[in-house]
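Have a look at the model first, then run through the notes below.

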Amino acid sequence: MLQEFKNFAVKGNMVDMAIGIIIGAAFKDVIDVLVKKVMLPPLTMLTDGINFSDRKWVLRKSELGIDGQEMTEVAVSYGELFEVGIDFLIISFVVFLVVKAMNKLRNKGEDHKDKTVETPKDIELLAKMNELLEEQNALLRADRPQ
């Protein structure tokens, strides 16, 4: 079992997982700041400072019972659900924008014809192989009688 754990750790799976968790935690902080400091202030102005978390549908008000004990209020707090739903939509939208920007940068880096960005060697090799295959196919088509 110790040998299996050693193989797991040495082959990079554990390191990759740890890096993913660390970057995920840092990414969460970035998203929190984008949502709380960038997206929510304009939305708060639009809603005129309404606090949805206080919204609820009271099924039974708190009152004194027959024996003098206080009966607690029973309510459906739909405001919190609404607030969490709005937060989820905002966070999802911000994550979408960040991932879209990262994909745009990654695609630019993988474009072997763009000389402003250094293309990774594996992408260069694949692009070169693709060009050679296209040339070979063109030559084969030209040699074939029609």
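Predicted model: local features only at pLDDT ≥ 70, side-chain atom pairs only at ≥ 80, totals over all residues.

**Overall layout**
- You'll find 4 helices and 4 strands in the protein chain.
- Reading from the N terminus, the elements go α-α-β-β-β-β-α-α.
- Of the contacts with a separation of 6 or more, 33% are between residues 24 or more positions apart.

**Nonpolar core**
- The largest nonpolar core is made of 5 residues, namely Ile 31, Val 35, Ile 90, Val 94 and Val 98.
- Helix 2 (13-46) and helix 3 (78-110) are the elements that put two or more residues into this core.
- Helix 3 supplies the largest share of the core, with 3 residues.
- Leaving aside residues up to four places away in sequence, Val 98 touches Phe 27, Ile 31 and Leu 34.

**Largest pocket**
- The volume of the largest pocket is about 280 Å³.
- Its lining has 12 residues, and the ones nearest the centre are Leu 40, Thr 47, Ile 50, Phe 52 and Ile 86.
- Helix 2 and helix 3 are again the names to know, as the elements giving two or more residues to this lining.
- Helix 3 gives the most to the pocket lining, at 4 residues.
- By type, the lining splits into 6 nonpolar, 4 polar and 2 charged residues.

Definitions and conventions:
Residues numbered from 1 in each chain as written. Heavy atoms only, no water. Core = buried A, V, L, I, M, F, W, Y, C linked by side-chain atoms within 4.5 Å. Buried < 20%, exposed > 50% of the residue type's maximum accessible area, 1.4 Å probe, protein only. Contact = heavy atoms within 4.5 Å. 1 Å grid on protein atoms, 1.4 Å probe; cavity = no way out; pocket = protein on both sides within 12 Å on 5 of 7 lines; lining within 4 Å. Points joined across faces, edges and corners; volume = space filled by probe spheres on them. Nonpolar A, V, L, I, M, F, W, Y, C, P; charged D, E, K, R; others polar.
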